[in-house]
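Visitor: I'm new to this model. Could you give me a close look at a single part, the surroundings of the ligands?

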Amino acid sequence: MPDKLKVALLGCGVVGTQVARLLTEQADDLGARVGAPLDLVGVAVRDLSVPREGVDPALLTTNAEALVAGADVVVEVMGGIEPARSLILRAIEHGASVVTANKALLAQDGPTLYAAADAAGVDLYFEAAVAGAIPIVRPVRESLAGDTVRRVLGIVNGTTNYVLDRMATDGLDLDQAVKEAQALGYAEADPTADVEGFDAAAKAAILASLAFHTRVSIDDVQREGITSLTADDVAWAAGTGHVIKLLAIAERNTADDGTEGIQVRVHPALVPADHPLAGVHGAFNAVFVEAEAAGELMFYGRGAGGAPTASAILGDVVSVARHRVLGGRGPVESSYADLPVLPAAAARTRYQVRLEVRDQPGVLAQVAAELAEHGVSIEAVRQTAAPDADVARLLITTHAASEQALAGTVEAIGGLDVVRAVVSVLRVEGA
Ligand code: NDP
Ligand code: HSE
């Protein structure tokens, strides 16, 4: 049994600072839980001159390569692809166990890292990479390993949930809400990764891989962000008993040709106001899992922030450190099912289509004819007056239709002389 375990920390920003603090403040408890003391031996950063609250300056180094070579456990919270990937691989080569929060790297090149960890017989844990503090990686990978997951539906990006919540509750427009999220430290100066759905897509790829025992990369995820949403869309959603959420969805599906596979997508969607995900406010995250035997499960909590994310990381550190003390490795990701990732066009969802049309006889019939022509079944139609006397607003809710059929329908409807504008097309999920 080792008399102590050397822990190397790569990165000391929002998350790393909190990891260093908890490793120091809780050293006695962590040592007792692991069965050997955890010794923070160094913290790699870019800039040694930046003050790091609560972190002993003597631990800071810019030589990350040397740091990982002598560690038992390496915690990677630098982010980005390189040099994080090379450093993790180097750590694994040297026999270290690795804990990372780097969803971008895992979603792009996870299999390379998993294979390296398998070859070296070490752990590679990443609970913090999906939904911050919320235990979701472990439940999907381990607790549900005896079940068949049908669907994962989640709010996995706190920034966009905050933005959409502010638009819904106070009528802010998107730019105002994003600025507010930046001022509160949720969104970065460049909010692209959050508002364009890249962050959620990376998390969706990781969750889908675990849930369906299939390798899914970020390139397999159909992605649409929230930047085209308006305050008007959000207000309309409320008027129809819905809220708009940016959802990450991974589900088993059957393509038109009978191929069984999975679909993974990130997009804004209307969620019924009484669905549990509709009650997720502010920067919180929640993941709803549907499994054959377990039924519906929901995981809820803080999906971002230094301390919440550090909590998930420390949980992983304790697990991998225990394995080093007791011998062996923890459960690994599996990809035996190797299900095909079905094309986005085959996804089937209900839709709400908002139109502005001429208010004259026969218009509804023309619109309905296009829906019928494309095999899209109408669930409900609502007409309301528009400010212009000869214009009406139509809200069409469809039954589940394929994305391909819906796209064709909308294009055809948009081309009708009687249609002044296709105002919005939104998917309806969770009904
Ligand atoms: P920050 O940008 O706040 O911190 C990154 C840290 O890594 C900084 O200390 C930086 O050094 C250091 N770093 C970056 N590049 C290098 C390099 N080439 N060599 C040495 N040090 C380097 O990021 P976060 O703490 O916010 O995020 C870290 C990781 O955690 C990311 O993968 C992120 O996706 C993930 N994560 C973050 C969450 C959050 O709420 N922030 C939530 C869940 C996951 P320096 O300070 O000198 O610039
Ligand atoms: N930017 C992410 C969010 C946190 O807003 O949820 C890191 O995953």
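Guide: Gladly! A polar contact here is a pair of N or O atoms within 3.5 Å. This is a predicted model, where local features need pLDDT of at least 70 and side-chain atom pairs 80 or more, while totals for chains, interfaces and linings use all residues. Residues count from 1 along each chain, chains are lettered from A and ligands numbered from 1 as written, and side-chain values use heavy atoms, without hydrogens and water.

Let's begin with ligand 2. Around it (heavy atoms within 4 Å) you will find Lys-103, Asn-157, Gly-158, Thr-159, Asp-194, Asp-199, Lys-203 and Ala-304. Look at Lys-103: an N or O atom of its side chain is 2.4 Å from an oxygen atom of ligand 2.

Now turn to ligand 1, which has 21 residues around it; Cys-12, Val-15, Asp-47, Arg-52 and Gly-305 are the closest. Here we can follow contacts made by the backbone. Cys-12 brings a backbone N or O atom to 2.8 Å from an oxygen atom of ligand 1. At Gly-13, a backbone N or O atom is 3.1 Å from an oxygen atom of this ligand. Finally, find Arg-46, where a polar backbone atom is 2.9 Å from an oxygen atom of ligand 1.

Key. Polar contact = N/O pair within 3.5 Å; in protein donor to acceptor, adjacent residues only side chain to side chain.
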